Amino acid sequence: MWRAKETESHRVKYGTTALAILAALAVSIALAEDFKTVSGKEYKNATVSRVEADGITIKFSGGLVKIPFTELPKEVQERFHYGSATPTGKAVTQRIDEAESVQHATPFVSAADKFASFVEKKLDERESILQGKHTPGTAELMVIHEINFHKAFLAGTAIIASVLFAIVWARFK
């Protein structure tokens, strides 16, 4: 009985993963755009693969390149929240929201919506962790309790070993 459930859950996870990858590909195709730096260098049909505090990494036909925010126009800097205290990654969901106008061209409309909400949820979760507002779930609490138990057990064992060592040392002196 348990094996059947494990097998079923693996199938569901692989199916969900495949769906998420397809949605990501569809969204990335819809999000391709041209980037132009202030020095005049152009990147055609580029997609943003990472947003960091000091710049963005884009993927284009020539490969991957990281462009510092200082080399991007002001409107691009604002769109990716350049200058904020902690980069939230909201720009990714903003880009996905902008793709809604193009979604009618892709066959994965509902998958893209699900993926966008998944990304937004994960980014909100990450932001709450960074701000110290994270409330651990039951699985996390169980792991924390187990780690604390092991720490206490090792501390107790070290104390007992120290006392026994002191007693033996005192007898042999």
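**Note on the predicted model**

1. **The core.** The largest nonpolar core has 10 residues in all: Phe35, Tyr43, Ala46, Ile56, Ile58, Ile67, Phe69, Leu72, Val76 and Phe80. Strand S2 (42–51) and S3 each supply at least two residues of this core. A nonpolar core is a set of buried Ala, Val, Leu, Ile, Met, Phe, Trp, Tyr and Cys residues joined through side-chain atoms within 4.5 Å. Buried means under 20% relative accessible area, exposed means over 50%, and partly exposed lies in between (1.4 Å probe, protein chains only). In soluble globular proteins, nonpolar side chains tend to be buried together.

2. **Ground rules.** This is a predicted model, in which local features need pLDDT of at least 70, side-chain atom pairs count only at pLDDT 80 or more, and totals for chains, interfaces and linings use all residues. Residues are numbered from 1 along each chain as its sequence is written, and side-chain values use heavy atoms, with hydrogens and water left out.

3. **Overall layout.** The protein holds five helices and four strands. Along the sequence, the pattern reads α-β-β-β-β-α-α-α-α. Helices (H or I, at least four residues) and strands (E, at least two) are DSSP runs, numbered from the N terminus. Of the 173 residues, 21% count as buried. The accessible surface comes to about 12700 Å², with areas from the Shrake-Rupley method and a 1.4 Å probe; for residues, only the protein chains shown count as cover. Carbon and sulfur atoms own 63% of that surface.

4. **A buried threonine.** Thr37 sits in the loop between strand S1 (33–36) and S2. Thr37 counts as buried because its relative accessibility is 7%. Its side chain makes a polar contact with the side chain of Ser39 (3.0 Å). A polar contact is a pair of N or O atoms within 3.5 Å; within protein, one must be able to donate a hydrogen and the other to accept it, and residues adjacent in sequence count only if both atoms are side-chain atoms. Leaving aside neighbours within four places in sequence, Thr37 is in contact (heavy atoms within 4.5 Å) with Tyr43, Ile67 and Glu71.

5. **Salt bridges.** The structure has five. Each is a side-chain nitrogen of Lys or Arg within 4 Å of a carboxyl oxygen of Asp or Glu. Arg79 and Glu33 form one of them (3.2 Å, N to O). This pair links distant parts of the chain: Arg79 is in helix H2 (residues 74–79), Glu33 is in strand S1, and they are 46 residues apart. Both Arg79 and Glu33 are buried. Lys44 also pairs with Glu42 (3.3 Å, N to O). Glu42 is partly exposed, at 42% relative accessibility. Arg50, Glu52, Asp54 and Lys66 are linked in a network of salt bridges. Within it, Glu52 meets Arg50 at 3.4 Å, N to O.

6. **Exposed spots.** Gly62 lies in the loop between strand S3 (55–60) and strand S4 (63–68). At 60% relative accessibility, Gly62 counts as exposed. Asn45, in strand S2, is exposed too, at 57%. Asn45 has a positive phi of about 50 degrees although it is not a glycine.

7. **A surface patch.** Ile159, Ile160, Val163, Leu164 and Ile167 form a nonpolar patch on the surface, with about 480 Å² of accessible area together. Patches take residues with over 30% relative accessible area and no salt bridge; like charges are joined within 9 Å, nonpolar side chains (Val, Leu, Ile, Met, Phe, Trp, Tyr) within 5 Å. Ile160 lies in helix H5 (residues 138–172). Ile160 counts as exposed because its relative accessibility is 54%.
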